[in-house]
2 protein chains.
Amino acid sequence: MNEQQPFRPKARLPRGFKDRDEAELAAETRMLDTIRRVYASYGFQALETPSLEYADALGKFLPDQDRPNEGVFSFKDDDGQWLSLRYDLTAPLARYVAENFQNLPKPFRRYQVGTVWRNEKPGPGRFREFTQFDADTVGSASPAADAELLMMFSDTLEALGLSRGEYVIKLNSRKLLDGVLEAAGVAVLDRARRGVVLRAVDKLDRLGVAGVRALLGPGRKDESGDFTKGAELSPDQVARVLAFVAPNNADTSQEAVLASLADTVSGSAIGEAGIAELREIIRILNVADYGPERVRVDSGIVRGLDYYTGAVYEAQLTFPATNEEGETVVFGSVGGGGRYDNLIARFTGQSVPAAGFSVGVSRLLSVLRARAGAEVWETEPLIIVLVLDKAAVAESFLLARDLRAAGLRAEAYVGEAGMKAQLKYADRRGAAIAVIEGGDERARGEVTLKDLALGAELAKSTEDRAAWVKDRPAQQAAKRDQIIPAIRAMLNARAR
Amino acid sequence: MNEQQPFRPKARLPRGFKDRDEAELAAETRMLDTIRRVYASYGFQALETPSLEYADALGKFLPDQDRPNEGVFSFKDDDGQWLSLRYDLTAPLARYVAENFQNLPKPFRRYQVGTVWRNEKPGPGRFREFTQFDADTVGSASPAADAELLMMFSDTLEALGLSRGEYVIKLNSRKLLDGVLEAAGVAVLDRARRGVVLRAVDKLDRLGVAGVRALLGPGRKDESGDFTKGAELSPDQVARVLAFVAPNNADTSQEAVLASLADTVSGSAIGEAGIAELREIIRILNVADYGPERVRVDSGIVRGLDYYTGAVYEAQLTFPATNEEGETVVFGSVGGGGRYDNLIARFTGQSVPAAGFSVGVSRLLSVLRARAGAEVWETEPLIIVLVLDKAAVAESFLLARDLRAAGLRAEAYVGEAGMKAQLKYADRRGAAIAVIEGGDERARGEVTLKDLALGAELAKSTEDRAAWVKDRPAQQAAKRDQIIPAIRAMLNARAR
């Protein structure tokens, strides 16, 4: 920086990133604690891997492959190797397991919470940095491992305050879709083409049957005129896939759904294996009391990520919620996952079965906050000790310290402004009570307590003023050594 | 990826990064909760800014400026602008305040915990990603704001388990060093040269007086032969700086130290202003009972970062600790900070006084863990329900669910191996108790409980075997509907 001609950067957030305030963070902290408690109660172990991994270790599994840089933030290290910020927590887990396989208990069940980054085009509600909370079981191909994950997923959503019926976890298997394609005579799909089919089906909610039909066939032009290349299946093949993913079976029993799906994939070995696995998962869940009101087979769910190989899961909310713009919307997925038996083999060549799910923390948080109303997430009431006399600031600190020692949240004003600005400050902070200790009062061993919330209410409605003030004085004197009970009484009056 | 010739990346961590396990994360979570509680009790507000900021918004304030890429991970965004991963939490706060100044309460007091990244040469115990927990007060030039931060810093260290006398927070002012240089006739220092002096002094602990003397003068060659350019002060100027920063005054009273420092800077306006501020901070702290056993003036502390303008603080531990390699070392700084009145003016041109401190979470955590011993950080005992009969896995889930509902940490085995491997798994997990429910037992309404910790102890010492087994059977039957009290009794026997 040149002192003569100072450079003044503009203070601005990068596109696709945001600052988060106290209320949001308090709610998120509580949410993460709850999820952690559920996962730990199931005996899952915490793990943390770094934000940056070698780019080749993460691999390229993001759905949106046609953009430059493939959706990932990457840089070249001093030694010429490329590092990338993780785009999920699953690819780093695969690296960790491959690196430490001999020393891990098998199955290895871990949870991890962390920030992930997507170098994608930002948009409203679409951020380039967000939080995921994952749980995975590595080293078991048993449907019991999937069933356990689904039980824990369900328990987590209920621990976060969702009631039964407010959410449903939908269950499907990639093997069924492979079976449908096999049965339809698309036996040898290359990986890229299978990916196009998957991503087309994954957009069913958003584009509807017509949009998916176009993407499975020749391709689709969107509203902006951009053309997305299709999977180029024949019309008969497209019809079979659509019959599978959009069978309109919401009111049918689990058994009937499974039987119908079994018919669809009949004759395909992989499809039949998928059916057998789903049947066993559902059997275990039914015995353990996680019936179709919590977890339900739905062939419309495929998940967008490339690496799933078997069962896939997706949690959806069933009620409309209000988004940050105040609009009523039906929130879609608040998390999901599935079985990915080949991800560790990328490193070792040895197949290690694995499955897991990820809770979309940010999205679920905004739904829960909108639903719960602010009061559930409120922070502790704040007491502010105002400073009339700068020479006595140390005494104000002593007062605030005594309040904190009694379990209250309290601060002494540390700015340099006068009483009026201090009251404005207290108001901006949403403080409950201001404590004022002038020189005369100190000499008498007294302080003044000012009920700031009441002051605000009085300013609003003058008609009930007399009644209010009668029961609950806006300002009162208290003995310095009786300040704690006096404040508690004032807070109780406020809470009634 | 080409299916014919699969690419096998090597599973390895990038240099300077690490994976962290359950015990470390449990301890860190507890530590962060404690810090958060203290900061919130003082009325500081939570804030979270993103990991990535525009590079020009972060500025270049890192001490280690001679390396390429200036210690920061940066990438070019699609629109040609450079983004950097934050290297601390202060520069992003300055951006946030400049962007939102009108809407913030003044003073604005916020805390933030987060990962920061340094693109530095990694070494033992030196990582490129670590956690900081900061508290800052923006918009007050009052020494009361510094005093409050120092009180809160002290309260935080004590809440984390340090006793008085085990740590000391050292207090100095950049203004004093500027005063010394001014009084020594180095009146007009350009910013770069002042930076060289600061960084030289900051290395006093590591290099000793001789090393700092060389860096203040012509320069210094280190063990590896690398030469670091010096500040090129005259011998007399070097002597004055050294007399200031290394005055050997550990046993002198605060008042005597301040008087001696006042003499040193006498005649320099900036130096005298620094003395007046320190006196007021110390006066407030003394009244509020944060005397020299907690916060003490020490002119040897300058802090490495460029942006400080007034008071600087650094917390040091006073006892030797064991590091991760088992060596006994005196840990140096576990956090620090200071006043930076010009950081927001970088954006707005308007000076906004600010001060803050940062707790070095990772470093402090390793000290506390080494000192506390493992038992303080132990996780809840784990109960594992073994699965003898795969067809009965759902019943094992029901059993584990009942244990969790009773507040225990419990899992049913979800792997595919036999009993021997399951017991080995339980052992690797450090489980306390294995629950075994065979078909015959289920028919009788019974389960077998196996005390795994006892089994391990018995294997170690055979002499007391009879006594052990008498008081505390390694294996016992329990009625299925009496399993909770039976497990609690076994856990209690284990804990005695």
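This is a predicted model: local features need pLDDT of at least 70, side-chain atom pairs count only at pLDDT 80 or more; totals for chains, interfaces and linings use all residues.
Q: At what angle do helix 1 and helix 4 of chain B pack?
A: Helix 1 of chain B covers residues 22–41, and helix 4 of chain B covers residues 143–159. Their axes lie 9 Å apart. Helix 1 of chain B passes helix 4 of chain B in a right-handed crossing. The packing angle is about 145°.

Q: How many residues of the contact between helix 1 and helix 4 of chain B are nonpolar?
A: Helix 1 of chain B brings B:Thr34, B:Ile35, B:Val38 and B:Tyr39 to the contact. Helix 4 of chain B brings B:Met152, B:Asp155, B:Thr156 and B:Ala159. Of these residues, 1 is charged and 2 are polar, and the nonpolar ones number 5.

Q: What distance separates the end C-alpha atoms of helix 9 of chain B?
A: Helix 9 of chain B has 12 residues, 254–265. At 1.5 Å a residue, the helix should therefore span 16 Å. The distance in the model agrees with that: 17 Å.

Q: Why do the buried residues of helix 9 of chain B lie on the same side?
A: The buried residues are B:Gln254, B:Val257, B:Leu258, B:Leu261 and B:Val265. They share a side of helix 9 of chain B because the arc they cover around the axis is only 95°.

Q: Which exposed residues sit on the face of helix 9 of chain B turned away from its buried side?
A: The buried side is covered by elements of chain B including helix 5, helix 8, helix 10 and strand 10. The face turned away from it carries the exposed residues B:Glu255 and B:Asp263.

Q: Which residue just after helix 9 of chain B takes a positive phi?
A: Helix 9 of chain B spans residues 254–265. Just after it, a phi of about 95° belongs to B:Gly267.

Q: What span should helix 10 of chain A have?
A: Helix 10 of chain A runs over residues 269–287, which makes 19 residues. Its end C-alpha atoms are 28 Å apart.

Q: Which residue with a positive phi follows helix 10 of chain A?
A: Helix 10 of chain A has buried residues, among them A:Ile281, A:Ile284 and A:Leu285. After the helix, a positive phi near 75° is found at A:Asp289.

Q: Is B:Thr448 buried or exposed?
A: B:Thr448 is in strand 19 of chain B, residues 446–451. Its contacts beyond four places in sequence include B:Val435, B:Ile436, B:Glu441 and B:Gln475. Its relative accessibility is 10%, and the cut-off is under 20%, so B:Thr448 counts as buried.

How values were computed. Residues are numbered from 1 along each chain as its sequence is written. Chains are lettered from A and ligands numbered from 1 in the order in which they are written. Side-chain values use heavy atoms; hydrogens and water are left out. Axes are lines fitted to C-alpha atoms, for helices over the stretch in contact, and angles run from 0 to 180 degrees between N-to-C directions. Helices (H or I, at least four residues) and strands (E, at least two) are DSSP runs, numbered from the N terminus. A crossing is left-handed if the near helix is turned anticlockwise from the far one by less than a right angle, and right-handed if clockwise. Contact means heavy atoms within 4.5 Å. Ala, Val, Leu, Ile, Met, Phe, Trp, Tyr, Cys and Pro count as nonpolar, Asp, Glu, Lys and Arg as charged, and the others, Gly among them, as polar. The expected span of a helix is 1.5 Å times one less than its number of residues. Buried means under 20% relative accessible area, exposed over 50%, partly exposed in between (1.4 Å probe, protein chains only). The arc is that of the directions from the helix axis to the C-beta atoms.
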